[in-house]
Amino acid sequence: MSQTLVIAPLLVALFTAILTLLTRSNDLLTRTVSWLGGLAYVAAVAALFDRIVLPLGSESATVAYQVSNWRAPFGIVLVADALSVFMLGLAAAVSLAALSFAVLYVDSYGQRLTFHPLYHFMMLGVTGSFLTGDLFNLFVWFEVMLMSSYILVLFYGGPKHTRAALNYVVLNLIGSAVMLVAIGGLYSTTGTLNMADLARRLLDPGAYGVDVVPVLGLAGVLFAVFALKAGIFPFQFWVPAAYEAAPAPVTAVLSGVVKKVGVYAIVRLYFTVFAAATLPTSLSLPGLSGTSPLAFFGPVLFLMATASIVVGGVGAVGRENLDTLLAHSSISQVGFIALPLAVAATAPTESLRLLGVVAALVYAFNHGLAKGLLFLVSGTVFSAFGSIEFDDLGGVASRAPLLAASFLVGALALVGVPPLSGFFGKLLVFDVTARATATGAAGAAAALAVALVGAVLTIAYYTRAWNVVFWGERSGVVERALPDRWTVAGDGGVATDGGPVRRLSLTGEMVVVVALAVAVVGFGVGFEGLYVAAESAARAALDTGTYVNAVAPAEVSG
């Protein structure tokens, strides 16, 4: 039964996508099936979390599902451990909120235009990426996720959306092609694509005739692909246009969940798999030391994280549109996720490495919730006032105090104000960089300085957004918004996009937004549970031996 639970989230997402495709002719039925499928997905992830992680603080389990009973490394394997279910938990929380919002936000024509099948196929790809146990199927699940997201970015079909989708498609197709080439190279070099078997061969390369130097180069190529998926500098240029073009609930998932797939791939492959290798002492580069592949990738990741924090933060400060500000903020915030990973990669002690991965996971979880919340707030602002341009807005707090309060919760969470969950994420980032500095780790002091600069920039652009959009005097656009739009819309009313206005739709959107804001507060107040889960996930990421033995026992792979 426990092995079957591993595939439960995948099956739920797949069958929901198929059912919403079959019921497209009935708008209400499609929405109902879609939302119930989203709820079932949350239940499946919760059951898997209970099996793998609970009770919190106990030793987590690692469960492998061998598809068609073909044993790893010869067959397809799906693996659930504390790291994968931690990421699935984030995906479930954000996706249900975004889906609940989409049922109300997207007009009737859009609902019938395959929105729901595409949404659930995208979540299918996300789920498969978190659970897969081999590199080739990681590529396959990436493509399932990205093919759906391509259409969702293009969903509105205007010139702006077409340009954004074209950039998004071309860059990700190039990344996918490069990824496939790198995977082929790894197979020819190591003779396997199963992650557990690959780690075993890297632990003892002589026994399997593996040359680890080409593996390092191919791992570097894969690293660039994952950075592109995560939107880390210098691969961030697709982010603003794509996030602005997509519908608000889709953008919430792109920023809150899809980006985290790239982060997960970096943690899983480089800390669980490639870290098993020992490089020859003759291999050295200027400024780099150590025989672990992490010693090579750590400084590179540090430079990318630094640039992301600064470029994204500076870009967000000058934006005049709520979505573009949030998009540039996402570039900066993913830098805060990558920064502790860079410190962990070059950490002199195992405890510091563990803390670095914990900090990255906690920050990723907080960013997923908070940024998903902020994009849904932006969508609600557009629904209520017809614009998200700074020039059109002002005084929103006086007309919609709950909406303003929800934005404030999301913004303060990313700034790092207690007792919100973001405070603890940012505190852990500063903690790990400060501890690394105290141990004399190379570059740790610079990492601490970068984190401080990024924190100041975060305060600057969210303060500006609050003052311009929500505070001050009401603008004409806000003043003209009808009070009854928040509660009742006449059956004959017409929305700004030409679709029928649904009774109580804005109120429903507000319920979703407030619920997500409450979750952000709740994970802060109950942070101990989140920390314990993140620590279990980090231990699973660093425990190569347990992962290998659970997925591909030696008597099978040998």
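Lys and Arg are counted here as positive and Asp and Glu as negative, with His and the chain ends left out, and each charge is placed at NZ of Lys, CZ of Arg, CG of Asp or CD of Glu. On this basis the protein chain carries 26 positive and 28 negative side chains, and the centres of the two sets lie 3 Å apart. The structure is a predicted model, in which local features need pLDDT of at least 70 and side-chain atom pairs count only at pLDDT 80 or more, while totals for chains, interfaces and linings use all residues. Residues are numbered from 1 along each chain as its sequence is written, and side-chain values rest on heavy atoms, with hydrogens and water left out.

We can turn next to the overall fold. The secondary structure of the protein chain amounts to 23 helices and two strands, where helices (H or I, at least four residues) and strands (E, at least two) are DSSP runs numbered from the N terminus. Along the principal axes, the C-alpha atoms fill a box of roughly 75 × 50 × 45 Å.

Of the 558 residues, 60% count as buried; buried means under 20% relative accessible area, exposed over 50%, and partly exposed in between (1.4 Å probe, protein chains only). The chain exposes about 19700 Å², of which carbon and sulfur atoms supply 67%, with areas from the Shrake-Rupley method and a 1.4 Å probe; for residues, only the protein chains shown count as cover. Among contacts (heavy atoms within 4.5 Å) between residues at least 6 apart in sequence, 78% join residues at least 24 apart.

The charged side chains also pair up. Six salt bridges are present in the structure, each being a side-chain nitrogen of Lys or Arg within 4 Å of a carboxyl oxygen of Asp or Glu. One of them links arginine 464 to glutamate 320, with the closest N and O atoms 2.5 Å apart. Arginine 464 belongs to helix H18 (residues 444-470), whereas glutamate 320 sits in the loop between helix H12 (293-317) and helix H13 (322-345), so this pair ties together parts that are 144 residues apart in sequence. Arginine 464 is partly exposed at 24% relative accessibility, and glutamate 320 is partly exposed at 38%.

Another salt bridge, at 3.0 Å from N to O, brings together arginine 435 and aspartate 431. These residues are separated by about one helical turn, because they are four residues apart in helix H17 (residues 421-438). Arginine 435 is partly exposed at 48% relative accessibility, as is aspartate 431 at 23%. In helix H21 (residues 527-542), glutamate 535 and arginine 539 are likewise four residues apart and so separated by about one helical turn; their side chains meet in a salt bridge of 3.4 Å, N to O. Glutamate 535 is partly exposed, with a relative accessible area of 22%, and arginine 539 is partly exposed at 47%.

Finally, the backbone deserves a look. Most peptide bonds are trans. A cis peptide bond, however, joins phenylalanine 233 and proline 234, with omega about 5°, and proline 234 is placed in the loop between helix H9 (212-230) and helix H10 (239-245). The bond from proline 418 to proline 419 is cis too, with omega near 5°; proline 419 lies in the loop between helix H16 (401-415) and H17.
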